[in-house]
Each structure stands twice: as structure tokens, then as C-alpha cells.
Amino acid sequence: MKQRFELIEKYIDGSLTSEESNSLEQLITSDSAFSKEYQLRLEVNKAIMEKNIMKFRDNLNMIYNEHRSLPGVVRLLFVRNWHLVSASVAILVIIGGFLISRLNNSSADRIFDKYYSSENAIYMTRSSELVVDAELSIALEKFQNNEYGEAINLLAMLEDNVVAQYYLGLSYMETDQFTEAKESFQFILDQSNNLFIEQAKWYQALCLLKLDNKEAATELFTSILNDDSLYNENATDILRRLK
Amino acid sequence: MINFYSYYLVKCGYLLVKNRINIYQVAKYNLEETLEGIRRNDLNVMQFVYKELYSGIQFFVTSNSGSESDAQDIFQEALVIIFRKLTDGQLKVTCTFKTYLYSVCRLLWLKQLEKRKTKDEVSIDNENFIELTEETQDVIRQSERYKLYQTHFKKLSDDCQKILEMSLEKTSLRRIAEIMGYKCEKYAKKRKFLCKEKLVDEIKKDPTFKELAK
């Protein structure tokens, strides 16, 4: 049996003489078991060479494992969108609370300094570990490490990505490039149906404040009030101080 | 307590960011973009497809005598079949991607039920579906066999996998011997044959192989 297998393998490799090949071909047509063996070995070779399929399966497994690795409670929380919104509210309330506690002065710069804060570090660290997109992940790591220049270079390339544009805006703010930051937040505001709208509006209003465009800032803070945003309380306070 | 909340907020933050990316892109992707994303093995697109459509398939399979693990297998296999058809330039989708994927999953699950001799029909259909062509059914059969072969190939030792890959890429035995650190070509040739025999043997011993041969 081993000899037969060896013969088939040699035939597949093309290392038989033409005479040997001819007799083997006859065997393949006349002996169904031999033919099946030959077909199996051919198919196995083809399967081994399907690197794209194997990679595809690996990716699917990775996505599934990532999905499964989320704690049951968290998965349950996010089954419906309103839970997702609730969670975002929790985060924003904490950030908002932190910002409120820092409120004191009324000049535009001082208001900005009191109210501006980028995302908290823990949130970023864990997030970047799990974001699949490698470029975004690297960029977010740079942001987290306060390497804003490099973060800007990387994030600016992801021009259609809402998350990238959001952190690009924050990176610009961290490096006092408020005009550019305003543009990044504008991109987010131009997209409908994304979770960063409220934050983008808030940070854009702070940029306008920093750019000394009090009129536009007032307009945006007023719009935040009208949106019934989570930043309502802060916006009310700022508007009162801007008068 | 603080740590507990921090942990979940981190997880929430992750999901918020990630889900919003997904929702944003799902809203953006049309049928062609979805298919092109799968063809390119684009992780983002595959993740969207997974997140958007897996729960429906899971519901279908678990409502028709299957487990969550069955649902996962069926979902993955359906995507592999779509990927195969896309890379072969065979795929023509005239319905929504959701309907097409559901139809492939439905057919795969029916075949599975038939094999298990449980039943040959589903009692709950939670989506629209289309009848798939005989060509697609051929791809399904081929994909089942190849999955078995590839599973056993991946179980081989690293050097066996490498030798087989190199020989199929037409690397000379001399070069294989050099790369693998073997003394001579003859030994490389012997190792190649033994690796292939080990692989074929393991495949033949797998009960799935006999099932597929029926």
C-alpha cells in the first residue's frame, strides 16, 4: 500500500518517467479505490495551499473569541441600544462631574482651562488594546502616551473614521491647534448617527472659546442646551459666565 | 467597588467606541462594499457582519435544535463559502446580504440536521431566504472537505507544515534541506513523504472523513 501511495505522490510531483506515468494513469482510470486515493491527495495539496481561506478562518475565530471574551454582564448590557446609551451616560456623567468640580472663573481662557479635559487614561488603554484596526490602535496608544504629534500624524490619515477624527480633535486641542481641532469635530458633526456628536459639539464650543469666537461659542453652547445634552449643566454655567 | 466600576466602564468605553464605529460603517456599507470587504478579508467588515448578523443566525439555529456552538460553526462556514465564491468570481447576489447569508446558513443547518438524522426541515424561519443554486451546493461540499484537510494540516508539527508548503510551492529539495537544516536532499524527500502520509492518515481516521465520503 505504501508503495502505491509513494507512486501517487511521485506522479503528483511530476517525478515519474513518462512510462511510469502512463501506467499510473491507467490505474487511476481503471481502479476506483486508486482513483479516490489520487483525488484525495490532490485535494489535500490544494487545501494546504489555500492560505487565504485559512487566514479567513483564523480571523473569524479571532472575532468570535473576542466577542465571547466580553463578560456576560457586559454583553447583556449591550444587547439593546438603550443600554449602550445608558452606559455612555454613565461615562459622560462622571466626566461631566469632574468638569463641574473644576469650574471657577469666567474669562474665556479660564473657562476653557476649567472645562477642558481629554479622555481618561484607563479608558484609552483598554480600548486601544481591543480595537482591531492596527493603525487606529497605534494612534490611540500614541494619544494615551501624550505623544500628540505622532498621534496627529497617524489619526489624520484615517480621515473617514469618526473615532480617529474625534481623537484627532482632542490631539489638536492638546497641542493648542484649535482651528484644526474645530475642523475635526466638524467632521463628526457632519456625520449623522454617531455617538460622538455631543462630545464633538462640546469640544468644538470650547475650541471656539479658545479662538476667542465668543459669539459662535455661545451659539454652540446654547445649541447644547437645546439638545438636552449631558453637557447641559456645564453649558448653562458657561453661558452664564460669558454674559 | 471603585475598581469594579472602573473595569466595567472601561469595557463600556470599549464597546461604545467599537460599536459606534460599527454602526457608522454598517450604515455606510452597501451590498457591494460588504462583499468586497469580505473578499479582501477585511477585519472591520467581517466584524460588522458578525455583530450585525450573528444574533439572527444564532436565533435560527438554536430555535431549530442546535446549540450556540452549532450556530457559530454554521455562521463561520457560511462566510467561508461566501468568501470562496467571491474569490472564485462566482458570487452573484440579487437579494440583501442578510438574506443571502441567512440562506446559506439555513442550507448548511438543514444538511447538518439531515446528517444527525434529527429532522430534515426547520420549524422556525426568522428571515427571508432564497433557494441556492446547485453550484453553491458544490462549493459547500468542497468547503466541508477542505476544512477537514486544513484542520489536520494545522495539527501537524511546524516543520511538517513548512516542508509540505515549500514543496507545493515548488521549492527544490536541496533548498528545503538547507532551510530546514537537514544534511541532505534525500532526508528532505523522506521527511516530506512522511509528513504527507501522516496528514493523509489523520484525515482518513477522522470520522468526518467517512461521513463526507458517503
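This briefing describes selected helices, cores and contacts in the structure shown above. The structure is a predicted model, in which local features need pLDDT of at least 70, side-chain atom pairs count only at pLDDT 80 or more, and totals for chains, interfaces and linings use all residues. Residues are numbered from 1 along each chain as its sequence is written, chains are lettered from A and ligands numbered from 1 in the order in which they are written, and side-chain values use heavy atoms, with hydrogens and water left out.

**Helix H1 of chain A**

- Helix H1 (residues 2-13) of chain A has 12 residues and reaches 16 Å from its first C-alpha to its last, close to the 16 Å expected at 1.5 Å a residue; the expected span is 1.5 Å times one less than the number of residues.
- Helices (H or I, at least four residues) are DSSP runs, numbered from the N terminus.
- A:Phe5, A:Ile8, A:Glu9, A:Tyr11 and A:Ile12 of H1(A) are buried (under 20% relative accessible area, with exposed over 50% and partly exposed in between; 1.4 Å probe, protein chains only).
- These residues lie on the same side of H1(A), because they cover an arc of only 160° around the axis, taken from the directions from the helix axis to the C-beta atoms.
- On the other side of H1(A), A:Lys2 and A:Gln3 are exposed.
- The cover over the buried residues of H1(A) includes helix H2 (18-30) and helix H3 (32-48) of chain A, together with helix H9 (185-205) of chain B.

**Nonpolar cores**

- The largest nonpolar core has 46 residues, and those with the most contacts inside it include A:Met173, A:Trp202 and A:Phe221; such a core is a set of buried Ala, Val, Leu, Ile, Met, Phe, Trp, Tyr and Cys residues joined through side-chain atoms within 4.5 Å.
- Among the helices of chain A that each supply at least two residues of this core are helix H14 (214-226) and helix H15 (232-242).
- H11(A) gives the largest share of this core, 9 residues.
- Apart from this core lies another, of 44 residues, among them B:Val45, B:Leu79, B:Leu86 and B:Leu110.

**Packing of H14(A) and H15(A)**

- The axes of H14(A) and H15(A) come within 9 Å and cross at roughly 145°; axes are lines fitted to C-alpha atoms, for helices over the stretch in contact, and angles run from 0 to 180 degrees between N-to-C directions.
- A:Phe221 touches residues including A:Trp202, A:Ala235 and A:Leu239, not counting residues up to four places away in sequence; contact means heavy atoms within 4.5 Å.
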